[in-house]
Amino acid sequence: MPYHKCIDYSLYLVTDSTLVPEGTTLLGQVEKALQGGVTIVQLREKEMDTGDFIALALQLKTLTQQYKVPLIINDRIDVALAIDADGVHIGQDDMPLATARRILGHGKIIGVSVNNTDETKAAVDGGADYLGIGAVWFTSTKALKKQPLGVEGVTRILASMKDRRIPSVAIGGINLENAEGLLMGSFIEDDIEGYPQRRRLDGLAVVSAIIASPDPRITCDQFTSILAATNKALNIANRPTVDHVLDHVEIAVQRIRDQTPMVHHITNNVVINDNANATLAVGASPIMSQNRVELEELAAVNGAMVLNMGTLNDIDTMVLAAQANGRHGNPVVLDPVGGGATTFRKQVVQRFLSEAPLTIIKGNGGEILSMANRGGRSRGVDSLGGVDEENAKAAVEALALQHKCIVAMTGPVDYVSDGRRTYAIDNGDPMLVNITGSGCMVTSIVACFAAANRSDYLLATVSAILMVNIASEVAMARGDVRGPGTFRSALIDELYQTSLSPNVLRDKARLRLL
Ligand SMILES: Cc1ncc(COP(=O)(O)OP(=O)(O)O)c(N)n1
Ligand SMILES: Cc1ncsc1CCOP(=O)(O)O
């Protein structure tokens, strides 16, 4: 199972320029669809010459970028590479998934068409980022080689993924009349490792109902309303409110304590001991190996991986470790310590961004603003100066969208985003800045939460940061804490003890959805 990129697949437009109504253009139709709320676009042109395909893809890329929506190319990996698209969609008769991954790397999205449970297993095991399940119904857009699946067939495929689940959209004959029935009918409620899980399709992939519509904006508005109404009916929050997050933190902590996931750190010499103790305190199991001989074996049993750039030694090993963990579906958390401080560190950050499958990036203001090219001053590994909220929000959102991961910027206020949803956390005692490596400790705890809470890395990251911040406030309020030394020990104690029930959280948490 691959690590999960943070992509909103809910309304997935697949193009077909032969279907646009007279007097309109493909780009015009796509723009209206984007205005109506399409969340991802695939350029699918079966009859176009390569040159024309590339020219159209470039125009479409300019458009989708304006709406901060990923662009996927159907079948043609060469075209995806030529225009630096966000990914490709491949069918069962196209280039093999492993080859596509080798060519495109981990930073790109690869979707795979599936029609049965064997194909599903192969795509999940092979590291697809999402599945296109279909065809659900007969359609005049494509001549089908296999019988349509119907709602039952889609449900069977979703159920077959059990705990090895990747995002899935359905395709084929979907329109405004049958969308609700499909979403409600293929919903699954089961139990994974003792936790109830509600699962449903992550999205609807639609060609003709949108591209041939006289007004794609209105049609997409209507699809978006159907998606929101079914989310509500199934009690699935796609933009979790603060209350939803607070209800969830206790479960997220309990999962770490129940699962004791192993968290592999390649971290810096200064903080290694505190990172290991903080990991243990929240209920996970630290391993601090830096030897590449055992990376693959560790990745097979790890729950998550931390890459911390504080004292950079063997960068190749860090990249290899991240890749091994990515192959095993483990979340990889990067702490770009001092990332903006020197030219060398900036280059290392770029290397991690392009070669390591990152799930979460967690840095201080200087590091994150520097990565987002929005200023950001550091001296050594410390961030300098305040960050205004508008700039912070823009930086985490832009980085999250660009790298398809969760981005957290810690400081007096912490900001966490998946590119679409951004939370601000106002908790945390100022004493945290007086102990070295408190930010690195947060990274370790983010990794622990991510390891045990893989279905929503945004929620996992927010929960982790809330926990450390509230533990720091509780620690500082203790009578035995007199300064940084006693605070450091008290913080580990409170991480060990803190039980973040919704009542405690409602009392203490200062969390805002921006
Ligand atoms: C999202 C999505 N799902 C499935 C398909 C079908 O892809 P494929 O099987 O390669 O068939 P063609 O699109 O090439 O006709 C898709 N394109 N998108
Ligand atoms: C590309 C594809 N793959 C399976 S069905 C299909 C076409 C879906 O088109 P429509 O949404 O118009 O039915």
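**From a strand pair to a helix face**

Valine 114 stands opposite isoleucine 133 in E6, in a predicted model in which local features need pLDDT of at least 70, side-chain atom pairs count only at pLDDT 80 or more, and totals for chains, interfaces and linings use all residues. Residues are numbered from 1 along each chain as its sequence is written, while chains are lettered from A and ligands numbered from 1 in the order in which they are written. The chain averages a pLDDT (the predictor's confidence in each residue, from 0 to 100) of 89, and 93% of the residues score at least 70.

Strand E5 (residues 109-114) and E6 run parallel and are joined by four bridges; strands (E, at least two residues) and helices (H or I, at least four) are DSSP runs, numbered from the N terminus, and two strands pair if DSSP finds at least two bridges between them. Five of the five residues of E6 (residues 130-134) are buried, so this strand is largely enclosed by the rest of the structure. A buried residue has 20 or more other C-beta atoms within 10 Å of its own, these atoms being placed from the backbone. Tyr130, Gly132 and Gly134 point one way from E6, and Leu131 and Ile133 the other way.

In helix H1 (residues 26-35), Gln29, Val30, Ala33 and Leu34 are buried. Seen down the axis of H1, its buried residues fall within an arc of 140°, so they line one face of the helix, the arc being that of the directions from the helix axis to the C-beta atoms. H1 is followed by glycine 37, whose phi is positive, near 115°.

Conventions:
Buried ≥ 20, exposed ≤ 12 C-beta atoms within 10 Å, placed from the backbone.
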